[in-house]
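Welcome, and please take a moment to look over the sequence and the 3D view below. We will walk through them together, one region at a time.

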Amino acid sequence: MITIAVIGGGAAGMMAALEAASRGAAVTVFERQNRVGRKLSVTGNGRCNLTNMNAGAASYHGEAGGFAAPALKAFGPADTRAFFRNLGLLTVEERNGRVYPLSDTAGSVVDVLRYALEAAGVKLLTGYEVSGIRKQGGGFRILEKEGGMYAERVIVACGGMAGERFGGTVLGYRLLEGLGHTCTPLGCSLVQLRSDNPGCRSLKGIRADAAVTVSCCGELLASSAGEVQFTDYGLSGPAVFEISRAALSRPGTVVSLDLVRSVGEEELTEMMLQRSENTPQLTLGDVFLGTVQNRIGRVLVSAAGLKTSESLGGLSERTARRLAKLAKSFAFPITGDMGPANAQVTVGGIRTSEFFPDTMESRLCPGLYACGEVLDVDGDCGGYNLQWAWSSGFLAGKSASEV
Ligand SMILES: Cc1cc2nc3c(=O)[nH]c(=O)nc-3n(C[C@H](O)[C@H](O)[C@H](O)COP(=O)(O)OP(=O)(O)OC[C@H]3O[C@@H](n4cnc5c(N)ncnc54)[C@H](O)[C@@H]3O)c2cc1C
């Protein structure tokens, strides 16, 4: 019976442990927190967006493009749903291919995994932080302050640095570097963005529906649409998370919000001129009344260099057009992000060129495997990152247990 140590009891580690145990391996999971699946239990705002039916290699990013393809082929979104169905967890597909547990509770995803691990005879060591992995004989010595253990094979599934409060850490990178691997520069994705546009502070607390684009020196880098939240430091909300990777990909990016996406610039200009004509006694602060929230309207007027107290009567076509343009493309120069503590996913990680994509085994150190976010693979927003954890965890568990 092959002995396998899995370092990290998150999504990828639990999947790897289950797959290896189902193939007859003796598996021990080391988890530094006091329970497994801590981060998993808060995913998707507590609902756990556990996969996306559209997941394919194009939804994943990293230095070596296409690395995720074999794992996704071996264990794709349909396999994820079937796997959880087999554990007694029903799932539902919502808009844009996003899949959630029918229970709507991330905790139930963690529970079925935990019970399955127990049933499969996997040894779960919670509160055990692995401080090093040393080659010993034909296998590995797992170093831990309680003494550690010897294992023939090791699967590193320590996750990335994102979501520190829920276990995000750099420890996994250090463990793999200790065995000769290298790490790409680390950053954040699916994260709130900082901007020095003073409009952010004035609009703090407001949520708006917007079409969002990211550009740099005239080049369009990404787009999304949906809810945007204004905060005192910048921008947040699902539509901002979606484009955050592109917004942070180079200096000098600008995020533009179309705050009236159902109406074109021409029509909006007309509407404002009509309002000026029909209700000239109002002020410029009321020009957006009925199209965007009042506070947003007033901030747009100030951003155009106009006084909200000015009379609306006699609004010129030029000014109306300027205001319409601004509402259709309110620009926020991006100055950074809110850091790994707030990010959902890490950009970068251990170089995938140092691993075989069809087994997750190290090219540098036979018997060593890695899976999940510790590797330089990050997915788009919408269940893609957990799918990577399941796919790569499956492949690592399967390959590591092969005699
Ligand atoms: C708030 C939030 C919401 C998210 N929502 C979604 C979502 O809805 N859908 C989606 O697809 N993705 C989501 N993600 C991303 C997703 O959770 C991660 O990509 C995924 O959990 C990565 O799985 P993993 O197993 O590689 O790492 P993790 O789940 O982070 O697990 C790694 C585990 O290893 C342990 N560990 C680390 N170092 C050691 C050590 N030295 N010794 C022992 N144990 C160690 C950690 O404590 C941790 O439990 C979200 C992330 C966050 C932070």
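What follows is a short tour of the ligand site, some strands, a helix and a single residue.

This is a predicted model, in which local features need pLDDT of at least 70 and side-chain atom pairs count only at pLDDT 80 or more, while totals for chains, interfaces and linings use all residues. Residues are numbered from 1 along each chain as its sequence is written, and side-chain values use heavy atoms, with hydrogens and water left out.

Let us begin with the ligand. There are 34 residues around the ligand, and Ala 12, Glu 31, Gly 44, Glu 373 and Leu 386 come nearest; a residue belongs to these surroundings if one of its heavy atoms lies within 4 Å of the molecule. The shell divides into 14 nonpolar, 15 polar and five charged residues. In this count Ala, Val, Leu, Ile, Met, Phe, Trp, Tyr, Cys and Pro are nonpolar, Asp, Glu, Lys and Arg are charged, and the others, Gly among them, are polar. Helix 1 (11-22), strand 2 (26-31), helix 5 (171-177) and helix 11 (384-400) each supply at least two residues of the shell, and the largest share, four residues, comes from helix 11. Helices (H or I, at least four residues) and strands (E, at least two) are DSSP runs, numbered from the N terminus.

A polar backbone atom of Asn 49 is 3.0 Å from a ligand nitrogen atom, and one of Asn 385 is 3.4 Å from a ligand oxygen atom. On its own, the ligand has 1000 Å² of accessible area, and the protein covers 95% of this (Shrake-Rupley method, 1.4 Å probe).

Next, find strand 14 (residues 207-216). Its covered face holds Ala 208, Ala 210, Val 212, Val 214 and Cys 216, while Arg 207, Asp 209, Ala 211, Thr 213 and Ser 215 make up the uncovered one. Strand 14 is joined to strand 15 (residues 219-230) by ten bridges, and the two run antiparallel; strands pair if DSSP finds at least two bridges between them.

After helix 9 comes Gly 305, with a positive phi near 80°.

Elsewhere, three strands form an open antiparallel sheet in the order 3-6-5. Strand 3 (51-52) and strand 5 (91-93) stand at the edges with a single partner strand each, so one side of each has no neighbour in the sheet.

Finally, look at Ala 68, in the loop between strand 4 (60-61) and helix 2 (69-74). Is Ala 68 buried or exposed? Ala 68 counts as buried because its relative accessibility is 4%. Leaving aside residues up to four places away in sequence, Ala 68 touches Tyr 60, Val 377 and Trp 388, with contact meaning heavy atoms within 4.5 Å.

Methods: Buried means under 20% relative accessible area, exposed over 50%, partly exposed in between (1.4 Å probe, protein chains only). A polar contact is a pair of N or O atoms within 3.5 Å; within protein, one must be able to donate a hydrogen and the other to accept it, and residues adjacent in sequence count only if both atoms are side-chain atoms.
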